[in-house]
Every structure is written in C-alpha cells, then in structure tokens.
Amino acid sequence: MCEGIKNFLNEHLFLTALEQVLMCKNYDIDLPPVMERFPSDFIERSRIDVLTNKDEEEFGEKGSFQGRKGRQMDEDTVEFERLPNGNYRITRVADLSGKDSFPEDRVSYFREDYGMNSHHYNWHRINIDGTTPRRDDYFIYNHEQMLARYNAERLANGLPRVEPYSDMRRPVEVGHEANLGHDNRQFADRPDNAIPAEYARIGDFERKRRSLDRTIQQEVINDEAFFDALESYHDAGHMILAQTVEDERHRGDRNVMQDSPVSARDNVFFRWHQHVQDLFDQYEGMKRRVTESYLTYEDLVVPHFGVWDMVVTSHRGTRRANELITGCSYHTMEATSGLDFKGNERAYVHMTHLDHVPFTYHID
C-alpha cells in the first residue's frame with residue numbers, strides 16, 4: 001500500500017505518517033534516526049546545498065564554502081571533499097551557529113543539539129495518541145526536564161533562568177534565524193522585537209487563557225478538563241508564535257515553532273514552555289490547598305522509606321564524587337536517504353553534539 005501511494009503525497013507527510021504507523025503498532029522494525037530521515041531539519045541550508053550538488057562547478061572536488069552572514073554567525077565555513085571513487089561525499093562543518101556577543105547565543109549549542117531535538121521529536125511521535133496512559137503527566141514531566149537542563153546550561157554560561165513568555169501582545173525581544181529547510185520545505189525567520197498579536201489572530205487563544213485562569217481561581221478540580229484545556233492552549237501558542245515571521249513576503253510561511261523536530265532550536269520555545277509549566281504548577285498548588293488527601297493513599301503503609309545517601313561517580317577523569325563531566329563530541333551521520341542527489345553518491349555529515357563522561361548512581 002505504501003508503495004502505491006507514496007508518489008501521490010508530499011514526501012515529508014508520507015514519511016511522517018509511515019513512521020507513526022510503525023512506532024504506534026509496535027512493528028519489529030528499526031527506524032533510522034530522525035536526523036537521517038529528515039536531514040534538512042538538522043543541517044543548515046548552506047551545507048545541504050553542498051551535499052546535493054548545487055553550484056557544483058563553483059565548488060569543485062574539494063574546498064570550503066562560506067555560508068551566509070547573519071545575526072547568529074560571522075562566517076559559516078563548510079569544508080567538503082569528494083572521495084576518489086566518486087561515490088561518497090563528506091562535509092565537515094566548522095561550529096554551531098551563534099556567537100558570544102549575543103548573550104542568548106551562548107546556549108545555542110544546547111538548543112541546536114541534534115540529540116535533544118530528536119528526543120523531543122520522538123517523544124511527541126510516541127505520545128501523539130490520546131490513549132497513551134498518563135500522557136498528560138508525561139508531557140509535563142518531559143518538558144519540565146528539558147527546562148531544568150536548559151536552565152542549568154544558562155546558569156553555567158552566565159545567563160539567568162529562562163523568563164516565561166505569557167503575553168502575545170508583548171514583543172519577543174530576541175528573534176531567531178532558522179537557516180533550515182530544503183526545496184519545498186522552508187522555515188521562515190522571526191525578527192527581533194516581533195509582537196505575535198500583529199501577525200496572527202489571538203482572540204480564541206486569549207479566551208483559552210482566561211478559561212484556564214478561572215479553573216485555577218475558582219478552585220475547580222478536574223484533571224482531565226484542565227489538561228485538555230492546557231494542551232489546547234499550548235498548541236495554540238505554538239501556532240501563533242510560528243506565524244510570527246520576518247516580513248510580508250513570508251506571511252503564510254511558518255518558523256520553527258510549528259514543528260517538533262526543530263521547535264526547541266528557538267529560544268522562545270523554552271520561554272513558552274516555562275509559562276505552560278507555571279500554569280500547571282499553579283493548578284497543582286490549588287489542588288493541594290483544596291484537599292489534604294491529594295497525596296494520601298488509604299490502606300498504604302510504608303514502614304521505612306528514604307534515600308540515605310546518593311553518590312554519582314564519573315567513569316573517567318577525576319572520579320570525584322558528585323562531579324559530572326559534560327562536553328561535545330562528533331558524530332558522523334549519513335544523510336543520503338533524506339536528500340535528493342543528482343547521482344548515486346552517499347553523503348555523510350560530521351555533526352557536533354552534546355556528550356558526557358559515563359557515570360554511575362550509587363543509592364543507599
């Protein structure tokens with residue numbers, strides 16, 4: 001059936017639907033990593049152009065290519081080489097976008113990390129089905145942990161904790177240059193100080209917010225209704241922010257906030273999710289005020305429970321207790337299956353990614 005319909009559908013839509021079926025039906029099939037299935041969601045346009053033979057005469061057999069200059073980068077150097085047999089092409093990329101002169105770009109290495117973004121994408125694919133047990137709890141927990149790690153990276157780079165973004169009538173001070181996309185799938189940029197309310201209708205969105213506030217203020221406990229309203233509000237916020245694009249020529253296009261493989265690359269993603277987390281925390285706080293039995297389970301007796309000692313030991317380095325060592329490594333990714341090539345070449349991209357020295361928990 002897939003063979004019969006694939007030529008009549010948008011390629012990205014077809015692949016997304018196919019992987020959704022394979023993941024939800026528990027077929028014993030190992031899918032390639034998402035960055036190999038959709039490389040243009042993880043590799044910048046200038047590098048894609050080299051890989052797909054665009055401007056082949058200019059580039060030749062070996063050399064470097066200077067990508068565009070913009071707010072996030074001075075020079076984006078791409079080194080590439082065609083191997084003697086003519087079948088393989090390797091590109092070596094310089095650094096992640098961003099530079100220290102823009103404070104928010106100090107943590108672009110985290111927002112652009114393919115491991116973090118592929119985790120976020122896969123989580124949404126696995127939990128897209130509304131029948132998943134405790135799906136709402138997992139949604140809150142997953143994004144809460146992403147926020148915790150992001151805040152840790154911000155503090156380590158001399159930045160404050162992420163500030164929630166809760167009012168679409170106020171400007172988003174820091175814009176975002178995607179430089180992502182290929183052929184008919186492009187992501188627009190968002191300018192600095194853009195006001196989302198000037199780009200999209202927000203009346204229904206603001207009604208959703210007022211409904212959530214009333215639920216909390218009136219002390220109405222209904223977990224299912226609250227989570228349904230919170231999810232709807234969260235999704236609407238993503239779509240409004242996704243419509244906040246560079247200029248009139250891009251009206252109708254969307255930026256990365258529309259799509260889970262790439263949305264966390266934008267700094268406003270974490271600001272928006274901090275706001276959603278704050279609303280959830282307010283609701284949970286209200287529940288604790290209203291009923292003392294919220295965390296009480298009848299007929300459950302636990303005579304002895306506690307964590308008396310916990311030590312984290314790295315497997316290399318100083319091996320000092322409770323010292324975690326993080327850094328960056330390189331991974332070679334095959335991009336052949338997700339790109340359109342002129343010949344039968346196979347392309348590999350060397351990508352920087354976050355890594356850590358292996359560690360062990362010792363819990364007593």
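This is a predicted model: local features need pLDDT of at least 70, side-chain atom pairs count only at pLDDT 80 or more; totals for chains, interfaces and linings use all residues.
Residues are numbered from 1 along each chain as its sequence is written, and side-chain values use heavy atoms, with hydrogens and water left out.

The protein chain holds 11 helices and nine strands. Of the 364 residues in the chain, 43% are buried. A residue is termed buried under 20% relative accessible area, exposed over 50%, and partly exposed in between, for a 1.4 Å probe and protein chains only. Where contacts link residues at least 6 apart in sequence, 66% of them join residues at least 24 apart; a contact means heavy atoms within 4.5 Å.

Two packed helices are described by the angle between their axes and the distance between the axes. Helix α7 (residues 114–126) packs against helix α8 (residues 135–156) at an angle of about 170 degrees, and the two axes are 11 Å apart. Helix α7 is therefore roughly antiparallel to α8. Axes are lines fitted to C-alpha atoms, for helices over the stretch in contact, and angles run from 0 to 180 degrees between N-to-C directions. Angles under 35 degrees count as roughly parallel, over 145 as roughly antiparallel, 65 to 115 as roughly perpendicular, and the rest as oblique. On the α7 side the contact is formed by Met116, His119, His120, Trp123 and His124, and on the α8 side by Arg135, Tyr138, Phe139, Asn142, His143 and Met146. Sorted by class, the contact of α7 with α8 comprises five nonpolar, five polar and one charged residues. The nonpolar class is Ala, Val, Leu, Ile, Met, Phe, Trp, Tyr, Cys and Pro, the charged class is Asp, Glu, Lys and Arg, and the others, Gly among them, are polar.

The second largest pocket has a volume of about 520 Å³. Grid points are joined across faces, edges and corners, and the volume is the space filled by probe spheres set on the points. The lining of this pocket numbers 20 residues, of which Phe110, Gln145, Arg149, Leu354 and His356 are the closest to its centre. At least two lining residues come from each of α7, α8, β8 (346–356) and β9 (359–363), and α8 gives the most, with five. The lining has 10 nonpolar, seven polar and three charged residues.

Phenylalanine 110, one of the residues closest to the pocket centre, is placed in helix α6 (residues 108–111). Phenylalanine 110 counts as buried because its relative accessibility is 4%. Beyond its neighbours within four places in sequence, phenylalanine 110 contacts Met116, Met146, Arg149, Tyr150, Glu153, Phe270 and Leu354. Phenylalanine 110 and histidine 353 are separated by 243 residues in sequence and by 8.5 Å in space, C-alpha to C-alpha.

Histidine 238 belongs to helix α10 and is buried, at 8% relative accessibility. Apart from residues up to four places away in sequence, histidine 238 touches Met257, Ser263, Phe269, Trp272 and His273. Serine 263 is situated in the loop between α10 and α11 (267–290) and is buried, with a relative accessible area of 1%. With the same exclusion of residues up to four places away, serine 263 touches His120, His238, Val256, Met257 and Phe269.

Most residues other than glycine have a negative phi. Asparagine 179, which is not a glycine, has a positive phi of about 50 degrees. Asparagine 179 occupies the loop between α8 and β4 (181–182) and counts as buried at 5% relative accessibility. Glutamate 219, also not a glycine, has a positive phi of about 55 degrees. Glutamate 219 sits in the loop between α9 (203–217) and α10 (223–242) and is partly exposed, with a relative accessible area of 41%.

Note on methods: Helices (H or I, at least four residues) and strands (E, at least two) are DSSP runs, numbered from the N terminus. On a 1 Å grid over the protein atoms alone, a cavity is a set of points where a 1.4 Å probe fits but cannot get out, and a pocket is an open set with protein on both sides within 12 Å along at least five of seven lines; lining residues have an atom within 4 Å of a point.
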